Amino acid sequence: MQYFPAFLNIRQRPCLVVGGGEIAARKIDLLRRAERPRLQRTGAGVPSWRIYPGAATINHINRKFLDTDVQNVALVIAATNSETVNRAVSQAAHQANIPVNVVDQPELCSLSS
């Protein structure tokens, strides 16, 4: 068995997604859903819900990846169409002992998703 099955608690913990395309957007959506927002029923017998999401914030940084971008994050996902960038992201995360998933490049991953 190459991978040990595990779940990461990322609730209210910073995560980094490197990439700006459709695949990166899907990974961001998965991270947002992992926050498990609290739901509160509103009204007397009225079927409506108020959503209180976790403290997740998405910051978009429009620049090239820097090795220091992985500092102080719980999880790194590389979702670019550049093997060079994906490899740099993987290497930086591995050096910082941070779980990393590189889309479609399992040899660069320490985590599969």
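Student: Which residue in S4 does leucine 16 stand opposite?

Tutor: This is a predicted model, and in it leucine 16 stands opposite valine 76 in S4. As a general idea, strands of a sheet pair through backbone hydrogen bonds, either parallel or antiparallel. Here S1 and S4 run parallel and are joined by four bridges.

Student: What order do the strands of this open sheet have?

Tutor: The order is S1-S4-S5, three strands with parallel pairing. S1 (15-18) and S5 (100-102) are the edge strands; each has a single partner, so one side of each is left without a neighbour in the sheet. On average, neighbouring strands in this sheet are turned by 10° against each other, direction ignored.

Student: How many bridges pair S4 with S5?

Tutor: Three bridges pair them, in the parallel sense, with S4 covering residues 75-78.

Student: Which strands does helix H1 touch?

Tutor: Helix H1, residues 22-34, packs on the sheet and touches S1, S4 and S5. Its direction makes about 165° with that of S1. Helix H2, residues 83-95, also lies across S1, S4 and S5, and runs at about 165° to S5.

Student: What is the pattern of the chain, read along the sequence?

Tutor: The pattern is β-α-β-β-β-α-β, which comes to two helices and five strands.

Student: Which residues touch the most other members of the largest nonpolar core?

Tutor: The general idea is that in soluble globular proteins, nonpolar side chains tend to be buried together. In this structure the largest nonpolar core has 15 residues, and Leu16, Phe65, Val70, Val76, Val89 and Val102 touch the most other members. S1, S4, H2 and S5 each supply at least two residues of this core. H2 gives the most, with three residues.

Student: Which residues does leucine 16 touch?

Tutor: Leaving out residues up to four places away in sequence, leucine 16 touches Phe65, Asp69, Val70, Val73, Leu75, Val76 and Ile77. There is also a second, separate core of eight residues, which includes Ala24, Leu75, Ile77 and Ala79.

Student: Asparagine 101 is found in strand S5. Is asparagine 101 buried or exposed?

Tutor: Asparagine 101 counts as buried because its relative accessibility is 6%, and the cut-off for buried is under 20%. Not counting residues up to four places away in sequence, asparagine 101 touches Lys27, Val76, Ile77, Ala78, Cys109, Leu111, Ser112 and Ser113.

Student: What is the phi of asparagine 72?

Tutor: In general, most residues other than glycine have a negative phi. Asparagine 72 is not a glycine, yet it has a positive phi of about 60°. Asparagine 72 is found in the loop between strand S3 (48-52) and S4.

Student: Where does asparagine 97 lie?

Tutor: Asparagine 97 lies in the loop between H2 and S5. Its phi is near 55°, again a positive value in a residue other than glycine.

Student: Why does asparagine 97 count as exposed?

Tutor: Asparagine 97 counts as exposed because it has 72% relative accessibility, and exposed means over 50%. Asparagine 72 counts as exposed at 72% relative accessibility.

Student: How many residues does the chain have, and what share of them count as buried?

Tutor: The chain has 113 residues, of which 29% count as buried. The chain exposes about 8,400 Å², and carbon and sulfur atoms supply 52% of that.

Student: Among contacts between residues at least 6 apart in sequence, what share join residues at least 24 apart?

Tutor: The share is 49% of those contacts in the chain.

Technical notes. Residues numbered from 1 in each chain as written. Predicted model: local features only at pLDDT ≥ 70, side-chain atom pairs only at ≥ 80, totals over all residues. Heavy atoms only, no water. Pairing = 2+ DSSP bridges. Axes fitted to C-alpha atoms, helices over the stretch in contact; angles between N-to-C directions. Contact = heavy atoms within 4.5 Å. Core = buried A, V, L, I, M, F, W, Y, C linked by side-chain atoms within 4.5 Å. Buried < 20%, exposed > 50% of the residue type's maximum accessible area, 1.4 Å probe, protein only. Areas by Shrake-Rupley, 256 points an atom, 1.4 Å probe, with all protein chains shown as cover.
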